[in-house]
Amino acid sequence: MISSIDPVTGETIATYEEMPLSEVAQAVEAADRAHQSWSRLEFAARALPMKRAAALLEERKDALALLMAREMGKPLAQGISEAEKCAWVCRHYAEHAHSFLVPEPIATDAAKSYVTFQPLGVVLGVMPWNFPFWQVFRFAAPALMAGNACLLKHASNVSGCALAIGDIARDAGFPEGLFGVLLIRAEAVTRVLEMPLVRAAALTGSSVAGRSIASQAGRMLKKCVLELGGSDPYVVLEDAELGPTVETCVASRLINGGQSCIAAKRFIVVRSLEHAFTERMVDAMRERTQGNPTEPGIDIGPLARRDLRDQVHAQVTESVRRGAVRALGGMVPPGAGAFYPPTVLTGVRPGMPAYDEETFGPVAAVIVAEDEADAIRIANDSPFGLGAAVFTRDRARGERIAAEEIQAGSCFVNAYVRSDPRLPFGGIKESGYGRELSHFGIREFVNIKTVYIA
Ligand code: NAP
């Protein structure tokens with residue numbers, strides 16, 4: 001049985017039977033069959049159900065937001081924005097897939113030579129619970145528009161969201177079987193990857209899951225794209241405009257209750273700003289309203305599961321044991337839910353979980369740097385390399401640091417890192433490999449085929 005548990009009350013909302021492997025195999029075969037005819041359609045024909053999916057996401061956004069709130073604790077307003085963003089990515093690829101995949105002529109000694117982009121076939125998406133709609137659509141919209149079929153293995157705590165996405169695919173009019181939902185546990189993923197008709201996989205999740213899926217895909221010589229964890233550094237230089245900088249840092253740290261791969265996690269502040277920055281950050285974090293995500297006006301809900309909450313608290317406790325100071329929060333509140341308060345730790349140093357690991361909750365680690373060079377060194381002193389941001393009034397300085405110095409898949413100046421269908425998204429180091437979104441994303445699950453006519 002797979003269960004959805006309300007993180008506000010700890011009560012089981014729904015249980016689902018796991019799909020037996022025979023049913024999974026049928027879904028794989030159906031997806032492959034659907035892909036055979038789907039891949040021969042013109043882009044304009046593929047765009048029709050994709051645009052209908054966008055419209056359905058908008059029509060159903062209130063119900064989808066309620067589902068997210070109940071299954072993983074996202075406040076309603078954030079759930080509505082998430083559904084709208086999914087509609088955006090569907091329309092983006094419906095409109096641009098054709099130009100992203102237009103064949104590219106290449107001059108050689110042939111009479112004609114060019115590159116064409118052919119779909120791979122059935123692609124398995126293994127997805128996380130934190131943005132239960134956005135993560136799926138940003139994987140599936142480009143993969144489908146490129147002519148592939150998609151199978152979704154969603155995180156076990158958001159099976160209701162997985163089924164709602166399956167309903168949208170059906171109601172939008174995608175061919176039967178082209179987008180399938182597999183209600184299976186993580187342990188069954190290997191068996192799916194082993195099926196010959198499954199050609200590739202995308203995982204968005206933790207580095208632990210990434211290692212496992214990458215090694216299995218490697219063993220079977222199948223392509224995979226990995227979008228993994230992050231410990232994004234936000235570098236605050238001495239010439240930063242403090243008010244907007246703190247607001248941006250807090251917004252980024254608390255988005256989705258701190259459960260975002262690209263949430264700011266380490267705040268690297270030059271010594272001259274340390275006290276002013278910390279004071280303002282504590283005030284701003286304290287002002288945020290935490291509570292039941294289905295009620296209006298809530299900024300932060302509970303964390304998605306109690307075990308994840310306990311994991312975050314263990315990281316805080318261990319950091320404090322090693323010398324960090326709780327400037328705000330850092331204690332588990334009473335009650336049945338998975339709540340964790342906005343927390344600020346100061347004096348964070350190497351050897352502490354808040355410095356070395358990803359903290360997937362509302363925990364800000366303030367780290368002091370001596371100067372710009374020291375701040376860059378600390379920013380890069382991480383096993384991760386997903387997002388990063390730099391704050392300075394000198395935009396040329398910020399641009400130089402962002403473009404040349406910081407080791408990350410994206411680096412923003414005076415803004416928080418966000419995903420956008422127009423921009424590539426992904427990481428380096430233990431944050432994974434491959435890219436989603438933009439024209440780079442749609443080219444991950446295609447055969448970049450050379451055609452040469454003598
Ligand atoms: P997770 O525990 O790794 O789970 C992600 C998905 O992988 C789930 O569907 C899970 O299934 C499955 N899974 C877990 N272990 C597996 C294994 N050994 N083999 C095959 N599948 C496995 O991550 P999460 O807790 O859902 O999500 C949080 C993590 O995702 C964070 O580290 C976050 O930074 C990362 N993330 C990254 C991005 C990005 O774009 N880089 C975006 C969002 C989140 P079960 O639920 O059944 O275990």
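This is a predicted model: local features need pLDDT of at least 70, side-chain atom pairs count only at pLDDT 80 or more; totals for chains, interfaces and linings use all residues.

Biologist: How many residues of the shell around the ligand are nonpolar, polar and charged?

Modeller: The shell splits into 15 nonpolar, 10 polar and 4 charged residues. That makes 29 residues surrounding the ligand, and the closest are Arg138, Ser156, Ser206, Leu228 and Glu358.

Biologist: Which polar atoms of the protein pair up with the ligand's oxygen and nitrogen atoms?

Modeller: The idea is to look for N or O atoms within 3.5 Å of each other. Here, Trp129 places a polar side-chain atom 2.9 Å from an oxygen atom of the ligand. Gly205 uses its backbone instead: one of its polar backbone atoms is 3.4 Å from a ligand oxygen atom. Leu228 also takes part through a polar backbone atom, which sits 2.7 Å from a nitrogen atom of the ligand.

Biologist: And how much of the ligand's accessible area does the protein cover?

Modeller: On its own the ligand has 890 Å² of accessible area, and the protein covers 86% of that.

Biologist: Which elements give two or more residues to that shell?

Modeller: They are α5 (134-145), β8 (198-204) and α8 (207-219). The largest share, 3 residues, comes from α8. You can read the shell by domain too: domain 1 (2-228 + 431-453) and domain 2 (232-413) each supply at least three residues.

Biologist: Let's zoom out. How many helices and strands does the protein chain have?

Modeller: Count 15 helices and 20 strands. The chain's radius of gyration is 22 Å, close to the 22 Å that the globule rule gives for 454 residues, so the chain is as compact as a globular protein of that length. Along its principal axes, the C-alpha trace spans about 65 × 60 × 40 Å.

Biologist: What percentage of the residues in the chain is buried?

Modeller: A residue is called buried when its relative accessible area is under 20%. In this chain, that applies to 57% of the 454 residues.

Biologist: Can you show me one residue? Is Leu152 buried or exposed?

Modeller: Leu152 is buried, because its relative accessibility is 0%. You'll find Leu152 in strand β6 (residues 149-153). Now compare sequence with space: Leu152 and Gly125 are 27 residues apart in sequence, yet their C-alpha atoms are 4.9 Å apart.

Key: Residues are numbered from 1 along each chain as its sequence is written. Side-chain values use heavy atoms; hydrogens and water are left out. A residue is near a molecule or strand if one of its heavy atoms lies within 4 Å of it. A polar contact is a pair of N or O atoms within 3.5 Å; within protein, one must be able to donate a hydrogen and the other to accept it, and residues adjacent in sequence count only if both atoms are side-chain atoms. Accessible areas come from the Shrake-Rupley method with a 1.4 Å probe; for residues, only the protein chains shown count as cover. Helices (H or I, at least four residues) and strands (E, at least two) are DSSP runs, numbered from the N terminus. Ala, Val, Leu, Ile, Met, Phe, Trp, Tyr, Cys and Pro count as nonpolar, Asp, Glu, Lys and Arg as charged, and the others, Gly among them, as polar. Domain bounds come from an automatic or database domain assignment. The radius of gyration is taken over C-alpha atoms; the globule rule is 2.2 Å times the number of residues to the power 0.38. Buried means under 20% relative accessible area, exposed over 50%, partly exposed in between (1.4 Å probe, protein chains only).
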